[in-house]
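Hello,

Here is the structure I said I would pass on. Please look it over before reading the notes under it.

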Amino acid sequence: SGVAWLGEVPRHWEVKRLRRLMIRVQRPVSVRPDAEYQEIGIRSWGKGVFHKDPLRGALLEEKSVFYVEPGDLVLNIVFAWEGAVAVVSEAESGMIASHRFPTFRHTEEVDLDYLLLFLQSEQGRAFMAINSPGAAGRNKTIRLGQFLSEQVPIPPLDEQRKIVRAFRTFEGQLEALIEETRNAMERLKECRTALISAAVTGKVDVRGA
């Protein structure tokens, strides 16, 4: 790859700086005191977008807020080091985000889902962590300029999409297995409760156990 920490990548892949793949966009909101607005937040560890309670514009005070649109890639600049990055969906259409949640659009060189997967990966989180100096918590704000200068391995677009499909398929299988295991555990708990009930009411003889 020519980048020490990346090591080797397939010969036909390229290594590109993030600023070539994600362009920052800002859509300032002219806040009206009597209008209602709903802000979004971004959870850590790739857990996605959440919706805050609606507020009247008067309660936003002097906060700088911006509209988000479906397809925006959004960072939580305070907890980016914990993988707090997500993509805005149709469910967030018309909502807003504060200056702590900068928004980006992906370029034609990268598939949006591939970019999101990379940023949520161990390597992507490492990028965000090393560019988020500070001791802990709210002191670890990401330095966007340095972060966007980091280099990322980029396959051709068709290969990016194959990687995403393969990952999503495996992810679906894993989620199904987790759900099956969870259901089995619940059934075992029910059996345990029934067995205890039967033992204490004398329906089963446990004297020889």
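Confidence. This is a predicted model. The protein chain has an average pLDDT of 91, and 97% of the residues reach at least 70. Confidence is lowest in helix 2 (residues 122-130), where the mean is 90, and highest in strand 11 (residues 103-106), at 97. Where pLDDT is low, predicted coordinates should not be read in detail.

Largest pocket. The space in the largest pocket comes to about 310 Å³. Its lining consists of Trp45, Gly46, Lys47, Gly83, Leu116, Leu117, Gln120, Ser121, Arg125, Phe167, Arg168 and Glu171. Helix 1 (112-120) and helix 4 (157-200) each contribute at least two residues to that lining. Sorted by class, the lining has four nonpolar, four polar and four charged residues.

Largest cavity. The count is one cavity of 30 Å³ or more. The largest cavity holds about 50 Å³ of space. Around the largest cavity are Arg24, Val25, Gln26, Phe66, Ser98, His99, Phe101, Pro102 and Thr103. By class, this lining has four nonpolar and four polar residues, with one charged.

Helix 1. Seven of the nine residues in helix 1 are buried, so the helix is mostly covered. The buried residues are Leu112, Tyr114, Leu115, Leu116, Leu117, Phe118 and Leu119. At the start of helix 1, a side-chain oxygen of Asp111 comes to within 3.0 Å of the backbone nitrogen of Asp113.

Gln160. This residue is in helix 4. Is Gln160 buried or exposed? Gln160 counts as buried because its relative accessibility is 0%, and the cut-off for buried is under 20%. The Gln160 side chain reaches the backbone oxygen of Glu109 at 3.3 Å. Leaving aside residues up to four places away in sequence, Gln160 touches Glu109, Val110, Asp111, Tyr114, Ile154 and Pro155. Two of these come up above: Asp111 makes the contact at the start of helix 1, and Tyr114 is among the buried residues of helix 1.

Regards

Key: Residues are numbered from 1 along each chain as its sequence is written. This is a predicted model: local features need pLDDT of at least 70, side-chain atom pairs count only at pLDDT 80 or more; totals for chains, interfaces and linings use all residues. Side-chain values use heavy atoms; hydrogens and water are left out. On a 1 Å grid over the protein atoms alone, a cavity is a set of points where a 1.4 Å probe fits but cannot get out, and a pocket is an open set with protein on both sides within 12 Å along at least five of seven lines; lining residues have an atom within 4 Å of a point. Grid points are joined across faces, edges and corners, and a volume is the space filled by probe spheres set on the points. Helices (H or I, at least four residues) and strands (E, at least two) are DSSP runs, numbered from the N terminus. Ala, Val, Leu, Ile, Met, Phe, Trp, Tyr, Cys and Pro count as nonpolar, Asp, Glu, Lys and Arg as charged, and the others, Gly among them, as polar. pLDDT is the predictor's confidence in each residue, from 0 to 100. Buried means under 20% relative accessible area, exposed over 50%, partly exposed in between (1.4 Å probe, protein chains only). A polar contact is a pair of N or O atoms within 3.5 Å; within protein, one must be able to donate a hydrogen and the other to accept it, and residues adjacent in sequence count only if both atoms are side-chain atoms. Contact means heavy atoms within 4.5 Å.
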